[in-house]
Amino acid sequence: MTIFRIIIIGLLGAMMGVLHAKPFIPSQDDQVLEKLPLKLFQSTTSKKIQSLRRQLKTNPNDWPSVSQLAQYYIELSKTFADPRYMGYAQTILNPWLENSKPLAQALVLRAVIRQNAHDFSGAMMDLDQVLGVQSNHVQANLIKATIASVQGEYSLSIQHCRRLMRRSLILALVCQSTPASLSGNAEISYQMLHQIMLTETRLSKQQLVWAWTSFAEIAWRLGYFEAANLHFQTALQMEVQDYYLLRMYADFLLQQRRPVDVIRLISVDTQNDSLLLRLALAEKITRSKKLSDHVFLLNERFLLNRQRGSAFHKGDEARFHLYLLNQPQEALKLSQQNWRVQREPTDTYILLKSAIAAHDLKTIAEVKRWLTVHGTEDVLIEEILATQEGKNNEI
Amino acid sequence: MKSKTILIVLMLLPTIAWCHKASDSFLTLTVEKNYIFVRWDISLRDLEYAVGLDVDDNGAITWKELQERINDIETYVFSRLQVKNRSGECYREMLPLQVDHHTDGAYAVLNFNLDCSSLIEQVDVKYRLFFDLDPTHRGLLHIRNNDNTEFVVFSPDLQQINFTFMKSNRWQRFRQFVTEGVRHIWAGYDHLLFLICLLLPSVARKTSVGWVQNENFISILWQVGRIVTAFTVAHSLTLALAVLQWVNLPSRLVESAIAFSVILVAINNIQPFFREQAWCVAFAFGLIHGFGFASVLDSLNLTAGALGVSLLGFNLGVELGQLIIVSIFLPLAYFLRSYWFYQRILMQAGSFVIILISTIWFLQRAFDLNFYQI
């Protein structure tokens, strides 16, 4: 019997009372119950959304308004990492997807929504329908390249990145840097990005964040830690709310044994499960008093996600089980399920670490084979395999 | 042009997981005779989108605004939830509106009773709140009837469900808890070791003049009976106190004290320091072991209605398990007591091993150490 588990469960039980306060009747009329981040931080967007909603009530068949509103919702879902906005977008798009020849843009938007619900095959179907008619469709190619790269289909990904060349050489090069770096061309990709990023002026702020983040990740995998740190910092200085960047930088800091910086980076944002997980991992290293509260919160969120059938971030859940609950078998199960759906480097790390912790040699061999086939160069994977410990870094 | 830039941005992220908690409402129905007591927690942010709560449009929802909008909220949500008894519609009586903080923000708590005028045997629930706005919304329903709790998640694909209630089978539940009790005493090595260590000296013990065997079977029986009874009375007492939540001790303290009790009685077998008072020791530490049992019972999904039956069943199960062990132990010990094996190996070496194990337990539990990790 694992005593650690008993203590954790005991702690969780004890805290139930604290976090689930009883329902109450507020004593003062002007007591603020909830703040609406959309109105507070994005008042322009909020006003535009309100006016678009009003417009659509009087004229529901106006596609430009529908498309614009859907894009706002998708953008907000990204900004706040909040799935309900994706739901709103899906709802207003649905009537436009019911006829036999939906508009390309409607299909692309649905592909984005499906991609975010981790319905990759659904998204691919929408994209193929668009690409069947317009093979050089920029957005469709870019999303398809992204999904292919996430799934470890690097040559397919590169192929679709290249179709962007005629429209934007830079976009195409940044797009292909990630899949190329994961399939045997890490150093070349890095040098190429280096050239581009030094002189680049044509990308938007958001595109720059994306490019610098990709750049940082490639540097990290090559073991250029100082450069990676600088690139992450440059991306952060764009001051664009980007959860993917925060997630990756937090992972980088954890791997670099800089838990205090992780806490400084995330500290207040406990609404976001992925960031909360990284915060808790850092707190475990610093032995913070807040750790038990955060472990409880995470446990509850993962449980709820399972109950409602939206346990999408199984990679994170696996890390939670491996590092915070010390349950390697459960972690292995989850990271295997996760790897069947997506194969980003972080997905591979947790699978390897769980397999090592659970002494599953077959899985280790299978992952190694896969990495060799693709010629993936990654100092982190080398480090994980070299130590065969599985517990030195909480990434 | 603007829309194009946005779209490009959207696709740059490899994977945005659903990081934030999604939209859920929590619906709890408690069915009792003719009534259904309902608590329904709905996120203020969802209500803001569907009905509009921020009357003064300043980005903050106050208690006053929520109260002002309650009629519209009720009209909206009750047109999307239907709870029916088999014999027909139930009459709704609203109770005061409340607020609760969940991990992702404030929720309106709608409390109401449904009077269904006849004994409820079948409940039909139809739920479609927010599905027309947000297909990722889910309705999480808990429905309780006596000791049964059912859990269902409503989604656009599952908007209706019905429950048939059978008369709760107390006997089945009782048997289930007896089994749990037996299983727990057998699987909980610490309780077992404690008891066996206490019983070992009843047939043969070390004294100042060497090993003394107890020849009188009746006297052995009497001693064993006293120890087992004292242990049983004590842990039944604290088990009940803890389950009824009259007394609550931190589990770390309880678990450490249990490990400590094993160390103590094992030492006593090598270097005796209590003899006739063994039953007092059994009683004193039995009180602590009772709290240990209670933590197990906690995890077994107790419901208020069936508390008595479950507690009794679990307790009897523990006693039954204990009795079986004693009835195997006693003849065996009686038969072996004069042999060197019993005195040297079982009593001496065995006790040393037990001290070692329980000391590790104690250190793990008291100082939160994890030996197997190192």
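Keep in mind that the model is predicted. In chain B, we'll look at an open sheet of 4 strands and at helices α6(B) and α8(B), which are roughly parallel to each other. Then we'll hop over to chain A for A:Leu380, which sits in helix α22.

**The sheet in chain B**

- Reading across the open sheet, the 4 strands come in the order β5-β4-β9-β12, and the pairing is antiparallel.
- The edges belong to β5 (88–89) and β12 of chain B; each has a single partner strand, so one side of each has no neighbour in the sheet.
- Strand β4 (residues 81–85) of chain B pairs with strand β9 (residues 122–127) of chain B over 5 bridges, in the antiparallel sense.

**Two helices side by side in chain B**

- Two packed helices are described by the angle and the distance between their axes.
- For helix α6 (residues 189–199) and helix α8 (residues 251–270) of chain B, the axes come within 9 Å and cross at roughly 25°.
- Angles under 35 degrees count as roughly parallel, so that is the description α6(B) and α8(B) get.
- The crossing of α6(B) past α8(B) is left-handed.
- On the α6(B) side, the contact is made by B:Asp190, B:His191, B:Leu193, B:Phe194, B:Cys197 and B:Leu198.
- On the α8(B) side, the residues in contact include B:Glu255, B:Ile258, B:Val262 and B:Asn269.
- Sorted by class, this contact of α6(B) with α8(B) has 8 nonpolar, 3 polar and 2 charged residues.

**A buried leucine in chain A**

- A:Leu380 has its place in helix α22 (residues 379–387) of chain A.
- Why does A:Leu380 count as buried? Its relative accessible area is 1%, and buried means under 20%.
- A:Leu380 and A:Gln255 are 125 residues apart along the chain, yet their C-alpha atoms are separated by 8.7 Å.

Notes
Residues numbered from 1 in each chain as written. Chains lettered and ligands numbered in written order. Predicted model: local features only at pLDDT ≥ 70, side-chain atom pairs only at ≥ 80, totals over all residues. Heavy atoms only, no water. Pairing = 2+ DSSP bridges. Axes fitted to C-alpha atoms, helices over the stretch in contact; angles between N-to-C directions. Parallel < 35°, antiparallel > 145°, perpendicular 65-115°, else oblique. Left-handed = near helix turned anticlockwise from the far one by under 90°. Contact = heavy atoms within 4.5 Å. Nonpolar A, V, L, I, M, F, W, Y, C, P; charged D, E, K, R; others polar. Buried < 20%, exposed > 50% of the residue type's maximum accessible area, 1.4 Å probe, protein only.
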